[in-house]
Amino acid sequence: MKIAPSILSADFAYLARDVEKVEQAGADLLHVDVMDGHFVGNLTFGPLVVQALRPVTNLPLEVHLMVSDPGVWAPEFAEAGADTILVHEEATSHLYGVLQHIRAAGVRAGVVVNPGTSLSSLDEVLPLVDQVLVMTVNPGFGGQKFLTPMVDKVARLYQLRQERDLHFAIEVDGGINDQTVKAAAAAGTDIFVAGSYVFGASNVGDAITALREAVK
Ligand SMILES: O=C(CO)[C@H](O)[C@H](O)COP(=O)(O)O
Ligand SMILES: [Co+2]
């Protein structure tokens, strides 16, 4: 399993310190929630923050683009040093092209589905992506409750991957803690985003260990 702490729940006044903490605690990558106040009702980081983080960590940076114009912003985040860029299916009518451009920039490309979006809408892009992110909360805010019905969606995605002999990583994002991680793992998740559970803990290392122990 890979654990991707979401810096949405970090202390922004001490971002580099918090990133270092999770890196030392054994996190596998860093999840950066980019929100534009339009696609979702919250406003967070721009490419300059990714550029600033790049030299302070060796962790791969994955950028979760919750913006209305992913085709406009993806090249900016690629340039800033993103290792993976995740684009919402719901955000663009040019999904295939945006994913192609991300890959052409030498960056891993992923697609994201909101809880209400069917996996069938990903049919044509699945062979093109390195990662599929299943939202397990409605996007926009950290600290929300895990949507249990999404476990079945992950299981269906896992089955689809096998049937079509594809190799994308399966990721979940939202409401992951030492309980919800179990069902998500059993359904076939490879990468777990965790924001409030990790950064809200008194010891981030203990929180990361608890996630790993919970799925053993
Ligand atoms: O994309 C997100 C919200 O849109 C965040 O990555 C997600 O909510 C993580 O936070 P938490 O683990 O606290 O739910
Ligand atoms: Co996210």
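Two residues are said to be in contact if their C-beta atoms, placed from the backbone, lie within 7 Å. By this criterion, and leaving aside neighbours within four places in sequence, Asp33 is in contact with Ser6, Leu8, Thr44, His64 and Met66. The structure is a predicted model, in which local features need pLDDT of at least 70 and side-chain atom pairs count only at pLDDT 80 or more, while totals for chains, interfaces and linings use all residues. Residues are numbered from 1 along each chain as its sequence is written, and chains are lettered from A and ligands numbered from 1 in the order in which they are written.

The protein has eight helices and eight strands, where helices (H or I, at least four residues) and strands (E, at least two) are DSSP runs numbered from the N terminus. Its radius of gyration, taken over C-alpha atoms, is 16 Å, close to the 17 Å that the globule rule (2.2 Å times the number of residues to the power 0.38) gives for 216 residues, so the protein is as compact as a globular protein of that length. Along the principal axes, the C-alpha atoms fill a box of roughly 45 × 35 × 30 Å. Among contacts between residues at least 6 apart in sequence, 62% join residues at least 24 apart. A residue is termed buried if 20 or more other C-beta atoms, placed from the backbone, lie within 10 Å of its own, exposed if 12 or fewer do, and partly exposed in between; buried residues make up 43% of the 216 residues.

The UniProt annotation "binding site", taken from an unreviewed entry, covers His31, Asp33, His64 and Asp173; such positions are given in the numbering used here, feature names are shortened, and annotations may be inferred rather than shown by experiment. Although these residues are spread over 143 residues of sequence, they cluster in space, with a largest C-alpha distance of 10.5 Å. Asp33 is found in strand β2 and counts as buried because it has 25 C-beta neighbours inside 10 Å. His64 lies in strand β3 (residues 61–66) and is likewise buried, with 27 other C-beta atoms within 10 Å. Beyond its neighbours within four places in sequence, His64 is in contact with His31, Val32, Asp33, Val34, Leu86, Val112 and Asp173.

Ligand 1 is surrounded by 22 residues, of which the closest are Ser6, Pro139, Gly142, Gly195 and Ser196; a residue is counted here if its C-beta atom, placed from the backbone, lies within 6 Å of the molecule. The elements that give two or more residues to this shell are β2 (30–35), β8 (191–194) and α7 (196–199). By class, the shell has eight nonpolar, twelve polar and two charged residues, where Ala, Val, Leu, Ile, Met, Phe, Trp, Tyr, Cys and Pro count as nonpolar, Asp, Glu, Lys and Arg as charged, and the others, Gly among them, as polar.

In helix α3 (residues 70–80), Pro70, Trp73, Ala74, Phe77 and Ala78 are buried. Seen down the helix axis, the directions from that axis to the C-beta atoms of the buried residues fall within an arc of 145°, so these residues line one face of α3. They pack against α2, β3, β4 (84–88) and α4 (95–104). The helix is followed by Gly81, whose phi is positive, near 115°.

Asn42, in the loop between β2 and α2 (47–53), is partly exposed, with 15 other C-beta atoms within 10 Å.
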